[in-house]
Amino acid sequence: MSPSGGDAFNHALHTANVWVADVESAFGTNDRRFAQRAVRAWLHTLRDRLTVTAAVKLGAQLPELLRGIYYDGWEPSRAPERYGAEEYVRRFSTQAAVRSTQVPAIAATVTEVIGQHMSPGQLAEATAELPTDLRDLVTGATTAPARPGAAPTRGPAADRVALLEERVGDLTAAVRALARGLEDGRGDHAGIDQTQVTRAARLADEILVAGGIQHGS
């Protein structure tokens, strides 16, 4: 049986903290905020480069609070944004507040850690959609960007995109307070509306359905 109320929030917070702590450990630092920025930048820059279906499948592998951060600000109607390695580096550098020369090593380290927490093959399936130069950068097969990306193309069908955007907006509102708890490093759930835990989980499932992904697949 799934946890509910305060237990659900504590479980979600603990799981997200484990993932972030593993990233922090991989860098050999005690700077939790740096690790959080690196994870957020990694999630958003990879998400925006994927198709809607691939992005939703990747999101399904994340714990609840990181899933909320992952979907925050996502615009399915623009997916995929077909940028290359140079633009990826620029975006990652801005979001993580690091130098562009640091991005390849940081991105590759986060990829390694996140991949260890996901089901076998799931992350490789997502990165397989990337152009070679960007895939090599994200996975650590190269240390420098190669060339700009191709021109953007149209996203998936409008009705499906509209439904996804509605669900993403709802989920963002539901998880923002929970994600703030993670980012602030809080270990308790005082002041958190526990109904948001259940609502966020339900909305996340609806995103999977809207994206054509079966829950648990």
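A60 lies in the loop that runs between helix α3 (52-59) and helix α4, in a model that is predicted.

- Although A60 and M118 stand 58 residues apart along the chain, their C-alpha atoms are separated by 9.8 Å.

**Helices α2 and α4**
- The axes of helix α2 (residues 32-47) and helix α4 (residues 64-71) come within 9 Å and cross at roughly 55°, and the two helices are therefore oblique to each other.
- The crossing in which α2 passes α4 is right-handed.
- On the α2 side the contact is made by V39, R40, L43, H44 and R47, which meet L66, I69, Y70 and Y71 of α4.
- By class, the residues of this contact of α2 with α4 comprise six nonpolar, one polar and two charged.

**Helices α5 and α6**
- Helix α5 (residues 85-96) packs with helix α6 (residues 103-117) at an angle of about 80°, their axes being 10 Å apart, and α5 is therefore roughly perpendicular to α6.
- Y88, V89, F92 and S93 of α5 meet V103, I106 and A107 of α6, and the residues of this contact divide into six nonpolar, one polar and no charged.

Definitions and conventions
Residues are numbered from 1 along each chain as its sequence is written. This is a predicted model: local features need pLDDT of at least 70, side-chain atom pairs count only at pLDDT 80 or more; totals for chains, interfaces and linings use all residues. Side-chain values use heavy atoms; hydrogens and water are left out. Axes are lines fitted to C-alpha atoms, for helices over the stretch in contact, and angles run from 0 to 180 degrees between N-to-C directions. Helices (H or I, at least four residues) and strands (E, at least two) are DSSP runs, numbered from the N terminus. Angles under 35 degrees count as roughly parallel, over 145 as roughly antiparallel, 65 to 115 as roughly perpendicular and the rest as oblique. A crossing is left-handed if the near helix is turned anticlockwise from the far one by less than a right angle, and right-handed if clockwise. Contact means heavy atoms within 4.5 Å. Ala, Val, Leu, Ile, Met, Phe, Trp, Tyr, Cys and Pro count as nonpolar, Asp, Glu, Lys and Arg as charged, and the others, Gly among them, as polar.
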